[in-house]
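Here is a short report on a protein model. Keep the sequence and the 3D view open while reading.

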2 protein chains.
Amino acid sequence: MPTSQSTSGPLSIAIVGMGTVGTGVARVLLQQPERITRRAGRPLVLRHAVVSDLKKTRDVELPAGILTDDVQRVINDRETKIAIHLVGGLGAAREIMLALLESGKDVVTANKALLCEHGPELFAKAHQLGRSIAFEAAVAGGIPIIATLSQSMAGNQITSISGILNGTTNFILSEMIQRQQTYADALRLAQELGYAEADPTLDVDGTDAAQKLVILTQLAFGTKVALNDFPRQGIDTLDLSDIRYAAELGYTVKLLAISKLVENQLEMHVSPTLVKKQTPLAEVNGSFNAVALSGDVVGDTWYSGRGAGQMPTASAVLADLIDMAVGRAQLTFQQLELWRTEPNFRMLPTSQTSSRYYLRFNIEDRPHMLADIADVLGRHQISIASVIQHEAPEPAGGTAGGKSFVPLVIMTHRTTAGNVDAAGKEFAKFPSLRAPLVQLPVAN
Amino acid sequence: MPTSQSTSGPLSIAIVGMGTVGTGVARVLLQQPERITRRAGRPLVLRHAVVSDLKKTRDVELPAGILTDDVQRVINDRETKIAIHLVGGLGAAREIMLALLESGKDVVTANKALLCEHGPELFAKAHQLGRSIAFEAAVAGGIPIIATLSQSMAGNQITSISGILNGTTNFILSEMIQRQQTYADALRLAQELGYAEADPTLDVDGTDAAQKLVILTQLAFGTKVALNDFPRQGIDTLDLSDIRYAAELGYTVKLLAISKLVENQLEMHVSPTLVKKQTPLAEVNGSFNAVALSGDVVGDTWYSGRGAGQMPTASAVLADLIDMAVGRAQLTFQQLELWRTEPNFRMLPTSQTSSRYYLRFNIEDRPHMLADIADVLGRHQISIASVIQHEAPEPAGGTAGGKSFVPLVIMTHRTTAGNVDAAGKEFAKFPSLRAPLVQLPVAN
């Protein structure tokens with residue numbers, strides 16, 4: 001009975017992992033009990049807060065007796081019905097989640113790496129045990145994209161997801177674009193401001209965005225995909241000159257994570273992408289995330305908010321927690337397309353994906369170069385839309401002393417990744433080209 | 001038990017009102033049964049489609065025997081558990097909804113006027129009967145703003161809602177701004193393209209946006225507000241010259257519906273508003289809607305999509321219908337802040353609301369006018385931020401033949417509506433001013 005929720009007694013919960021997000025969640029639970037009780041229909045009592053280091057100072061005052069460094073206390077407590085799992089990484093995080101589920105708890109998690117890597121196993125285990133996992137906080141923090149895909153778009157077949165899913169890289173790109181800083185300088189600033197970690201590898205190489213895309217794809221398309229099933233490229237190899245040429249052509253550069261249906265097959269990739277200026281995705285700056293979502297009934301929709309950080313992520317965790325307390329999350333979990341053994345859609349082979357492309361060559365400044373390049377492109381069915389080659393300064397000592405190289409930028413018409421790769425293989429053998437050939441897709 | 005849903009048999013539903021949206025809903029239900037069954041956990045069987053005119057041709061092929069012009073057939077059918085209520089207007093729509101609830105049906109509706117006017121009565125009735133009402137489609141069509149407020153922001157106290165909630169007026173304003181058309185010409189185009197009705201009054205005078213704002217305010221702030229409790233101004237009196245001056249000052253004009261907390265009191269209004277160019281709200285064009293939503297935990301978030309039209313609205317209805325079939329909507333309905341007799345927040349008296357203002361005067365082109373106006377403003381604590389007065393052509397026959405009037409535009413610093421109104425009363429007595437004094441707020 002719906003009304004039974006409001007007459008239920010207090011519900012015991014635990015936070016496993018009191019890092020930044022856990023602290024934020026605890027703060028709202030402890031400082032806004034009236035609000036949480038009203039929204040959940042019953043008091044939520046924080047019974048355990050599990051930490052790895054009991055001595056560390058924390059930015060929240062916890063009731064006596066709830067802090068522990070022993071996760072078994074939570075696992076063994078049959079009265080605790082919901083566990084907020086904020087343990088990072090894979091191995092131990094997986095063990096802990098399995099133990100929490102097996103001990104009869106529903107689990108709220110923010111760990112996207114875990115769900116990307118072990119999601120199918122964990123979801124199946126929860127299903128089999130009659131338990132539920134909620135994971136709004138795992139993707140795009142303050143944007144309710146999981147709820148939107150799971151519930152609000154239920155009448156639709158999603159046709160396209162296109163997202164800025166990593167705030168760190170979006171901050172770095174915004175700095176490079178707006179302040180003409182190099183990648184290295186922008187990264188350093190991001191680290192100083194706390195937007196990037198000391199080891200930023202998983203953010204800047206596109207892994208974090210790709211992990212989130214795997215989760216969204218499973219929800220939206222009912223297709224389980226592994227991280228290495230689709231191409232991903234980060235911003236760590238992006239040169240400031242490419243951002244400048246893109247601007248000259250009327251584009252900005254964003255790290256886009258895309259999953260979309262093309263003739264009933266699934267095309268996915270994560271890549272720095274040229275995005276036309278003055279379109280919504282181009283205007284998402286700083287550490288904000290954004291998702292453009294299209295469905296066959298609703299058409300185009302658009303969501304934006306802070307994708308990470310303590311309180312935006314805490315907001316997502318709290319929404320899941322309240323959904324669990326109300327009983328909605330359990331109903332939702334049963335209806336998600338996480339159990340299919342047969343995928344709804346198969347992957348489009350990468351070579352058949354199509355796009356317009358931005359290509360930058362380092363060419364030897366000699367006669368017939370442009371003709372040679374255009375010839376290769378033409379033979380591979382790649383049609384040229386525009387060209388930028390700026391006049392190079394005449395070499396001071398003449399050309400006799402060695403080769404001089406200049407950049408050549410070509411925007412293509414729509415072609416396949418297979419054609420571009422085949423042309424790339426020919427270019428790799430050109431003695432008059434200096435590596436690397438830069439190759440970025442252009443958003444529709 | 002959660003899993004009981006997936007093992008349940010078919011669920012009978014009815015559509016009451018087969019206009020544009022009803023036809024769109026029926027089309028998806030009948031053409032995508034496999035999808036709907038999967039998402040709802042059981043087949044949804046369309047058992048009745050109630051129309052007012054049986055002879056009218058419809059853009060959907062219905063199964064034999066379900067079309068009827070007798071709503072009693074639905075009301076008397078105990079097997080039909082969910083009714084999709086797409087009856088417009090107030091009187092009959094209210095009677096029908098009450099009868100549906102009393103006959104034991106949960107109701108999905110898109111009628112915002114009905115919920116604005118009779119929401120408290122209908123919600124209380126449903127609550128008392130143990131029934132539920134879902135109304136995602138009543139506000140901002142394809143944007144899941146009701147679900148976001150009801151569930152995804154549950155950990156937050158919403159602090160501000162700022163929305164473009166009427167697609168018709170946004171289309172008209174976009175035409176005026178981008179093509180420099182007058183209001184009358186832009187309205188005519190909107191009517192030709194089907195974006196505006198033959199009688200566009202409720203859209204263009206701000207009533208429709210205000211009705212939606214009342215619903216969002218009750219959800220977000222737990223405060224019941226009547227349509228006449230807050231100021232509303234439409235775009236029907238907007239002059240193209242104001243759009244031009246706004247552009248000169250770096251702003252565009254949008255019909256904004258705003259509900260926000262100011263020192264723990266609620267400020268609400270619907271008004272054409274100057275919005276800084278190149279901010280997200282300024283870039284929402286055509287018939288799109290958008291909502292900027294801030295919460296005390298999540299910070300600023302942002303949603304956009306088509307606010308009306310057959311399929312975006314059908315998408316919202318289908319989401320509610322599936323939520324009802326799964327059992328989520330019933331749980332959600334019980335937790336909404338629709339039952340409070342004591343409001344969470346009281347209204348800030350309109351005179352105390354504060355904003356920057358755009359003021360346009362028609363002044364007599366004579367010495368000391370600017371000084372006279374500045375004196376009145378200054379005495380009412382209104383500080384001037386910028387002024388535009390363009391040079392008027394020297395009158396051909398000299399100034400002896402009568403008075404000549406020129407526009408004067410003043411942007412103020414932040415001041416209260418009370419101050420502006422008091423100054424306006426003084427200006428109304430000025431012989432050297434020609435009415436009307438145009439007065440538009442400026443978004444933060």
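Which side chain meets A:Arg94 in a salt bridge? The partner is A:Glu121, at 2.9 Å, N to O. A salt bridge here is a side-chain nitrogen of Lys or Arg within 4 Å of a carboxyl oxygen of Asp or Glu. This pair links distant parts of the chain, 27 residues apart. A:Glu121 lies in helix α6 (residues 112–129) of chain A, and A:Arg94 in helix α5 (residues 91–102) of chain A. Helices (H or I, at least four residues) and strands (E, at least two) are DSSP runs, numbered from the N terminus.

This is a predicted model, in which local features need pLDDT of at least 70, side-chain atom pairs count only at pLDDT 80 or more, and totals for chains, interfaces and linings use all residues. Residues are numbered from 1 along each chain as written, chains are lettered from A and ligands numbered from 1 in written order, and side-chain values use heavy atoms, without hydrogens and water.

**Salt bridges**

Over all chains, the structure holds 34 salt bridges. Between chain A and chain B the count is 2.

| Salt bridge | Distance, N to O |
|---|---|
| A:Glu121 – A:Arg94 | 2.9 Å |
| B:Asp296 – A:Arg35 | 2.6 Å |

**The interface**

Contact (heavy atoms within 4.5 Å) involves 53 residues of chain A and 53 residues of chain B. The two chains bury about 4,500 Å² between them, 52% of it on carbon and sulfur atoms. Buried area is the accessible area (1.4 Å probe) that two parts lose on being put together, summed over both.

β11(A) joins strand β11 (residues 299–306) of chain B through 5 bridges, and the two run antiparallel. Two strands pair if DSSP finds at least two bridges between them. A:Ser304 has B:Trp302 as its bridge partner in β11(B).

**The sheet in chain B**

Chain B has an open sheet of 6 strands with parallel pairing, in the order β3-β2-β1-β4-β5-β6. Its edge strands are β3 (67–68) and β6 (133–134), each pairing on one side only. Inside the sheet, β1 (residues 11–16) and β4 (residues 80–85) pair over 5 bridges. There, B:Ile13 stands opposite B:Ile82 in β4(B).

**Domains of chain A**

Chain A is assigned domain 1 (4–138), domain 2 (145–306) and domain 3 (352–442). These bounds come from an automatic or database domain assignment. The centres of domain 1 and domain 3, taken over C-alpha atoms, are separated by 53 Å.
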